[in-house]
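Please look over the structure below.

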Amino acid sequence: MSIAFGLGLNAFPFSGARAFWRWVDLCEEGGVDSLWQTDRLVSDEPFLEVMSVMAALAGRTERIKFGMNVASVGLRDPLLLAKQCATIDVLSEGRLLPAFGIGAIRAADWAATGTETAGRGRRTDEGLDLIARLWTEDSVDFEGEFYRYRGARIEPKPVQKELPLWLGGSSKPAIRRTARIGTGWIAGLETPAQVAPAIAGIKDALKETGRRIDVDHYGASFHVRFGSWDEPLMQRMAETYAVRFQRDPKGGIVAGDAADIVQRIEAFVAAGASKFVLWPIGGDDDDILSQTRRLIDEVQPAVEALNRRVDAA
């Protein structure tokens, strides 16, 4: 098992592009494993379009990996999405980490685009099958409930011969979907107590499909802040989180010091996860950069030490 963490962005927290690239450069130079962008098409908050971010990161960076957390397949044409992923993987020389899901049912994207939420799971299943085939086959014919392709094909194919296909979701259909076609799984808002049965469910379902997912291809994510819950920023964050997700904010947010963050990572490791996306919370450009530097300087060495302990065990 190899434990590593990447950093993610939800809404665009920066004053502009220059601050965003300062953050990306800091992560690249600081040895961060990966960068992740949340997918949202329609919102009151500023959100960057996820596939555009992947392409931009491919051009800006040379070492760091990057992925979508997670791209909603039900809102995108599978041929276009497969082509975008393949192109970005080629231009980044194999650093794309594609991650997909069916999309949150509460998202405004569905109503805004006139897309029915009913059947979005089946639509996603068809889309994922098509994407996986387009990455590897010379020509794809398909007659499904939602998509009909004749002689569909893409060139160039991805640089990664087995391009990762990470999936999200902890419902029973999501678990079956991961066991059927996924190469990895990443939790969304789940706590360590919720992640453990989801991972166990995927492993049980894999026995039925006869497939295998690497032991270190199970992930989790949570928001982090070097600071206190008493800060006005954290009070606003907790309030928004509780209203939006109807959950205890402390289940998905860690506020404290490096030891508190590492303690949450260790709880997830005990539940079976080893890859992490941490979402730094900051009030402005300098705050986000400061939070990120502390994650690199204080949390990253602790995770490396944890890795060594796990290897020794």
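**Briefing: helices and backbone**

The model is a predicted one. The points below are grouped by topic.

- A198 sits in helix α7, which covers residues 192–209.
- A198 has 4% relative accessibility, so A198 counts as buried, the cut-off being under 20%.
- K172 is 26 residues from A198 in sequence, and their C-alpha atoms are 8.6 Å apart in space.

**How α6 and α7 pack**
- Two packed helices are described by the angle between their axes and the distance between the axes.
- The axes of helix α6 (residues 172–181) and α7 come within 8 Å and cross at roughly 50°.
- α6 and α7 are therefore oblique to each other.
- Their crossing is right-handed.
- On the α6 side, the contact is made by I175, T178, A179 and R180.
- On the α7 side, A198, G201, I202, A205, L206 and T209 make the contact.
- By class, the contact of α6 with α7 has 6 nonpolar, 3 polar and 1 charged residues.

- L81 belongs to helix α3 (residues 78–91).
- With a relative accessible area of 1%, L81 is buried.
- Leaving aside neighbours within four places in sequence, L81 is in contact with M51, V73, R76, F100 and I131.
- L128 is 47 residues from L81 along the chain, with 9.9 Å between their C-alpha atoms.
- Both L128 and I131 are among the buried residues of α5.
- Other buried residues of α5 include R120, R123, E126 and W135.
- Helix α5 (residues 120–136) has 17 residues, which should span 24 Å at 1.5 Å a residue; the end C-alpha atoms are 25 Å apart, which agrees.

**Backbone points to check**
- Most residues other than glycine have a negative phi, and most peptide bonds are trans.
- The peptide bond from N69 to V70 is cis, with omega near -15°.
- V70 lies in the loop between β3 (65–68) and β4 (71–72).
- The peptide bond from E155 to P156 is also cis, with omega near 0°.
- P156 is in the loop between β8 (148–152) and β9 (166–168).
- E93 is not a glycine, yet has a positive phi of about 60°.
- E93 is in the loop between α3 and β5 (96–97), and is exposed at a relative accessible area of 69%.
- Q246 is not a glycine either, and has a positive phi of about 55°.
- Q246 is in the loop between α8 (232–245) and β12 (253–256), and counts as exposed at 66% relative accessibility.

How values were computed
Residues are numbered from 1 along each chain as its sequence is written. This is a predicted model: local features need pLDDT of at least 70, side-chain atom pairs count only at pLDDT 80 or more; totals for chains, interfaces and linings use all residues. Side-chain values use heavy atoms; hydrogens and water are left out. Helices (H or I, at least four residues) and strands (E, at least two) are DSSP runs, numbered from the N terminus. Buried means under 20% relative accessible area, exposed over 50%, partly exposed in between (1.4 Å probe, protein chains only). Contact means heavy atoms within 4.5 Å. The expected span of a helix is 1.5 Å times one less than its number of residues. Axes are lines fitted to C-alpha atoms, for helices over the stretch in contact, and angles run from 0 to 180 degrees between N-to-C directions. Angles under 35 degrees count as roughly parallel, over 145 as roughly antiparallel, 65 to 115 as roughly perpendicular and the rest as oblique. A crossing is left-handed if the near helix is turned anticlockwise from the far one by less than a right angle, and right-handed if clockwise. Ala, Val, Leu, Ile, Met, Phe, Trp, Tyr, Cys and Pro count as nonpolar, Asp, Glu, Lys and Arg as charged, and the others, Gly among them, as polar.
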